[in-house]
Amino acid sequence: MSTVRVVLSSVMAGVAVVVVAAWPGGVPVFWAVALALPAAALTALGARLSGPLEPLWTPVPDAPSAPAELQAATLAARLAEAAADRDRFLSRVQPRLRRLVLTRLRERWPDVSDVDDPRVRSLLGPEHTLLVTDAPPTPQRLSALLDRLEEA
């Protein structure tokens with residue numbers, strides 16, 4: 001809040017206290033002014049500190065555009081759940097991994113239809129191909145494979 005607005009609001013609050021205390025309250029004017037000074041000071045302090053509380057009008061952030069980003073957000077939770085459950089890995093994690101791999105590879109080769117494509121197998125290597133097509137590895141092995149996949 002600007003200094004002019006702070007002073008104006010505190011003076012108005014002080015005058016309001018004097019008028020209310022002196023006229024309907026029957027308080028002598030001297031005491032009404034004495035009561036108005038702390039009220040005006042508190043109003044000035046509150047108005048000065050309210051500056052950071054004013055709304056900040058910024059645009060809403062853009063929504064993520066890549067489907068791979070949305071899939072990666074839920075992948076960590078699914079990996080934690082599927083660490084001990086093979087069926088959960090095959091039904092929840094592996095389809096997401098396949099979609100992530102296909103999304104990433106379609107940037108390079110738009111005509112890739114599935115991870116069974118020989119180009120995909122040659123690029124991923126045997127371990128990563130097994131990760132998206134076969135049974136789940138141990139949690140430590142899975143973490144190592146995903147780290148290597150992120151670096152590629």
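Visitor: How many helices and how many strands are there in the protein?

Guide: This is a predicted model. The protein has 7 helices and 0 strands, and its pattern along the sequence reads α-α-α-α-α-α-α. Of its 152 residues, 22% are buried.

Visitor: How are two packed helices described?

Guide: The description rests on the angle between the axes and the distance between the axes. For helix H1 (residues 3-22) and helix H2 (residues 29-49), the angle is about 150 degrees and the axes are 8 Å apart.

Visitor: Why is H1 called roughly antiparallel to H2?

Guide: An angle over 145 degrees counts as roughly antiparallel. The packing angle of H1 and H2 is about 150 degrees, and therefore H1 is roughly antiparallel to H2. Their crossing is right-handed.

Visitor: Which residues of H1 and H2 meet?

Guide: On the H1 side they include Val6, Ser10, Gly14 and Val17; on the H2 side, Ala36, Ala40, Thr43 and Arg48 are among them. Classified by residue type, the contact of H1 with H2 comprises 14 nonpolar, 5 polar and 1 charged residues.

Visitor: What makes Ser10 count as buried?

Guide: Buried means under 20% relative accessible area. Ser10, in helix H1, has 10% relative accessibility, so Ser10 counts as buried. Setting aside neighbours within four places in sequence, Ser10 is in contact with Ala40, Thr43 and Ala44.

Visitor: Which backbone oxygen lies 2.9 Å from a polar atom of the side chain of Ser10?

Guide: The backbone oxygen of Val7 lies at that distance from the Ser10 side-chain atom.

Visitor: Why is Pro28 called partly exposed?

Guide: Partly exposed lies between the buried limit of 20% and the exposed limit of 50%. Pro28 has 48% relative accessibility and therefore counts as partly exposed. Pro28 belongs to the loop between H1 and H2.

Visitor: How do you know whether Gln94 is buried or exposed?

Guide: The relative accessibility of Gln94 is 8%, so Gln94 counts as buried, the cut-off being under 20%. Gln94 is found in helix H4 (residues 86-108). Apart from neighbours within four places in sequence, its contacts are Phe89, Leu130, Leu131, Val132, Thr133 and Asp134.

Visitor: What share of the contacts between residues at least 6 apart in sequence joins residues at least 24 apart?

Guide: In this protein, that share is 43%.

Methods. Residues numbered from 1 in each chain as written. Predicted model: local features only at pLDDT ≥ 70, side-chain atom pairs only at ≥ 80, totals over all residues. Heavy atoms only, no water. Axes fitted to C-alpha atoms, helices over the stretch in contact; angles between N-to-C directions. Helix = DSSP H or I, 4+ residues; strand = E, 2+ residues; numbered from the N terminus. Parallel < 35°, antiparallel > 145°, perpendicular 65-115°, else oblique. Left-handed = near helix turned anticlockwise from the far one by under 90°. Contact = heavy atoms within 4.5 Å. Nonpolar A, V, L, I, M, F, W, Y, C, P; charged D, E, K, R; others polar. Buried < 20%, exposed > 50% of the residue type's maximum accessible area, 1.4 Å probe, protein only. Polar contact = N/O pair within 3.5 Å; in protein donor to acceptor, adjacent residues only side chain to side chain.
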